[in-house]
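Okay, thanks for coming, everyone. Let me put the structure up, and then we'll walk through it chain by chain.

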Amino acid sequence: MINTWLTEIIHTANERLFNDEELARMLSYYSSVPTRLKLVEELERQEPSLTRALHKELQRRYPQRTLYTRRLAQDLVESLRYVARAVLADDLRLLRYRWIDHMRAALAACDVDPQWIADAYAVLRELLQRQLTRSVWEVLDPAWSELDDSLTRGLVAATR
Amino acid sequence: MPESASPFRLKGNYFAEPYHFRTDVTTGVCRTPTGVRICTLPPDFLLGLRDALIYECGKSYRTVLKAAGRRWGSQWIKRLDREWTAYYQQPFRELPAGLIRVCLADAFAAHGYGKLDYTRAEESPEFWSAEIGDSLFPALVGESDRPVDLLMSGLLAAIFSYLHGLTMDCLQTECPSMGAERSRFLIGPAPRIAELEAWWEANTPLPSHEQVLQQAAATSHAPTNGQTHTHQEHHLPHSQPPLEVVS
Amino acid sequence: MKSSEAADFTEPLDKPNEQTLQIIWQEKGEPRTLTFLRRNGIADGTIRKQIVPRPGVQPYLHNYYHDRVYFRHDPERGILLNPYGQRLMRVSEDFLVAILGSLEDEVGQNGAREIMYKCGYQWGLHDMRRFLPRMRAEFEAELERMRVDFLMEEWWWPLTIQGWGTWRYDFRQRDKGLLYIELYESAVAKSIGDIGAVVCYFYAGLFASVFSTLAKRALGCVEMQCYATGEEFCRFVVSDYDRVNAAAFWRNEGATARDIMKKLAQM
C-alpha cells in the first residue's frame, strides 16, 4: 500500500518547518474537506438504492448482455467506496492501486470488453447525477474521469 | 436472465487496503484484518536459512527447501481460498479463471514475492507456464549454476494442486541467477514433471523453457508408467470458455 | 551479494573464530543502503568520535518507526523494501510452521533444531555485517563510544516492526558472562503453539551471533523457557559454550528457567 501525499509531507517534514508549497497544498485541501466529506456521506447513503436501480437499468438497456448480473452491479456500486476514499484523501493513486489496476487486469484476463464496464459506469453516473450537488460533483470529477479513461484507453489484451 | 457458469466479478485488489498489514509496535505483532499473524522475513534470514540448509543437507537442500515451499503453499492457498470466498461471497474456485489469476498476482505483489503471471501451455493443456518477475530469491542469491527459486517452486506446485484438485509439481526452467530475465516455471501433473525434470537435468546446456514445453508436447501421448493421463477438463472451472465478448 | 562470506569455509556455521567476528566490525558501509534515509546537502561525510546532537533537519532520517515509513511497497513490480533498500518478504504463520514441519520430516527433530539454530546464527552474522556500518554512517560516529543499549535497540527495532515480537535484555550479570533475554510474542512459538518443547531456535541462533559479534568472541545461546512450553514469554541465556550446554542439559531434564539461572550464577 502506498502513502498518500499528506502522509509523505508529514513524514518527510519531520524536523523542519513546512515549506510554502506543502503549506499551500495542505491549506487548499483542508478548505475542500467539507465538500469531500459530504460526497462520502452521500455515496454511503445512496449505496443500497443504487445497487437495485443500477441492476434494473442495465437489464433494461442491455438485455442481451449476460455480464450484468446483480452481483456485478453490487460490485460496481461498492467500488464507489474506493472512489470516495480516493476523493477524501485527494489522492488518485489510492483508486488506482485499490481498484483501477485490478479492474484493467481482470477485464483483460477474462476477455471482457472494457466498454461494457464503461457503459455500466455511465449508467451509474446518470443515476448519481440526480442525487449529488454541483459542488460535490466538482470534487468527484477527477476520480471519475480517471475511472472512465482507464476503461476507454484501450486495453492491451492479457498483459498489464 | 440466466447467469453464465463463471459470472464475472469485480472487487478490486483485496490487499490494497491502507491497513491490510498493520503492526502493533508495542507487541511487535503484525496482523491482517482477519487476524492472521504476518511476519516479514529479512533477506538475511533467507540467506541464513539457505546457508544452514546447504551446510547441513548438502545437495539435498534443494529438495528440503522445495518441500518446505510446498507445505507452506498448501496452507497458504487454503487460507486465501477461505478469505477470498468470504470476500467474494461465493466459492473462490468458482470465479472465472482469469480473475483467479489476477487475485493470485495481487497476493504475490502484496507480499513482496514479485510479479506473477501464468498461462496454459497451448500444445499441452495439462501444463501451465508460470513466471515471476523480480522474484526475491534470485535477487538475493546472485549467481548460481542451478535455479534457486525453490520456495516459489514449491509454492506454485501447492497452489496449482489445490486449485485443480490434482497432485501437481513444478519445475523451474529459467532463473535470473542463471542469466534469465525472470524466473520461469512449468507446472503439471507430478509424474510428468518428474520425467521432464529428469530429462532437463540430463541435458547440457540446460534446456530453455520453450525447449521444455516442446519436450512436454512431444512426450504427451507416450504412456507414463503404464498410466494413461485423463484430462479432466470438464471438471475444472478454469476450462470454462471465456465470457461473451461484444460483437 | 554473495550468500556466504565466512573467512574460513571449514569452520562450523555457528562457531566462528574471532577473526571472522573482528572482520564484521571492519566492514565498510555501503552508502547505497542509506539512500532512502539521506537528506541531501546536509551530511558532510565525516565520521566523528561520538554522536553529536544537532538541531534542525537531520542528515539522515532516523524516525522511521512506523509501518508507513518503514515498508516501501512498489505494487507494479510486487516489491517490498525496507529503508535500507533490502527486499523483504511477507509470510503468514503457515510459513514458519511449514519450515519446522518439513525440516523435521526431512532431517529429523535434532537435525531440524540444528538447522534452525545455524540459520539464526547466519542470519545474525549477515545482519551485523550490515548493521554496524549502517550505524556508523547513519549517526556519523564511531561505534566504539556508542552505548551498547543504544546499539541493541537500534538493531532490534526493525525486527519489531517486521512482526518478530518485542524483547527485554538483562545485562546485570554480564560480569559473570551471563546475558539474559526475554522475548515476547515470538513469531515462531506463537505460530506453532503449545507443543511442550522449546521451538525458538531461530531466535537463539540470532541472539548468539549478535552478542558474539558485539562481544567479539564466540558465544552460544539457549532457550530456557518458551511460549511453546506453556509459558507467557520466551527466555534465553547467552553465554560461553560450557554454560550454554549445561543450561540446555538442565532444561531437558525439566528445570525451570529460574532454576537454570540460579545454577548458572553458581557455575
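Quick housekeeping. This is a predicted model: local features need pLDDT of at least 70, side-chain atom pairs count only at pLDDT 80 or more, and totals for chains, interfaces and linings use all residues. Residues are numbered from 1 along each chain as its sequence is written, while chains are lettered from A and ligands numbered from 1 in the order in which they are written. Helices (H or I, at least four residues) and strands (E, at least two) are DSSP runs, numbered from the N terminus.

Back to that helix pair in chain A. Helix α2 (residues 20–61) of chain A packs on helix α5 (residues 114–129) of chain A at about 125°, and the axes are 10 Å apart. Axes here are lines fitted to C-alpha atoms, for helices over the stretch in contact, with angles from 0 to 180 degrees between N-to-C directions. That makes α2(A) oblique to α5(A); oblique is what remains once you take out under 35 degrees (roughly parallel), over 145 (roughly antiparallel) and 65 to 115 (roughly perpendicular). On the α2(A) side, the residues are A:Leu50, A:Ala53, A:Leu54, A:Glu57, A:Leu58 and A:Arg61, and they meet A:Ala120, A:Val123, A:Leu124 and A:Leu127 of α5(A). Contact means C-beta atoms, placed from the backbone, within 7 Å. By class, that's eight nonpolar, no polar and two charged. For those classes, Ala, Val, Leu, Ile, Met, Phe, Trp, Tyr, Cys and Pro are nonpolar, Asp, Glu, Lys and Arg are charged, and the others, Gly among them, are polar.

Now chain B. It puts 25 residues in contact with 26 of chain A, and 51 residues in contact with 52 of chain C. On the side facing chain C, α1(B) gives the largest share, 13 residues, and the classes come out as 30 nonpolar, 11 polar and 10 charged. There's strand pairing across the two chains as well: β3(B) runs antiparallel to strand β3 (residues 89–92) of chain C, with four bridges. Strands pair if DSSP finds at least two bridges between them. B:Leu41, for one, has C:Met89 as its bridge partner.

One residue in chain B to look at: B:His209, in helix α7 (residues 209–218) of chain B. B:Thr173 is 36 residues away in sequence, yet 5.3 Å away, C-alpha to C-alpha.

Last stop, chain C. An open sheet of four strands, order β4-β5-β7-β6, pairs antiparallel. β4 (166–170) and β6 (220–225) of chain C are at the edges with a single partner strand each, so one side of each has no neighbour in the sheet. The twist averages 25° from one strand to the next. β4(C) and β5(C) share five bridges, and C:Tyr169 is partnered with C:Ile181. Helix α8 (residues 257–266) of chain C lies across β5, β6 and β7 of that chain, at about 140° to β6(C).

Okay, over to you for questions.

Conventions
Two residues are in contact if their C-beta atoms, placed from the backbone, lie within 7 Å.
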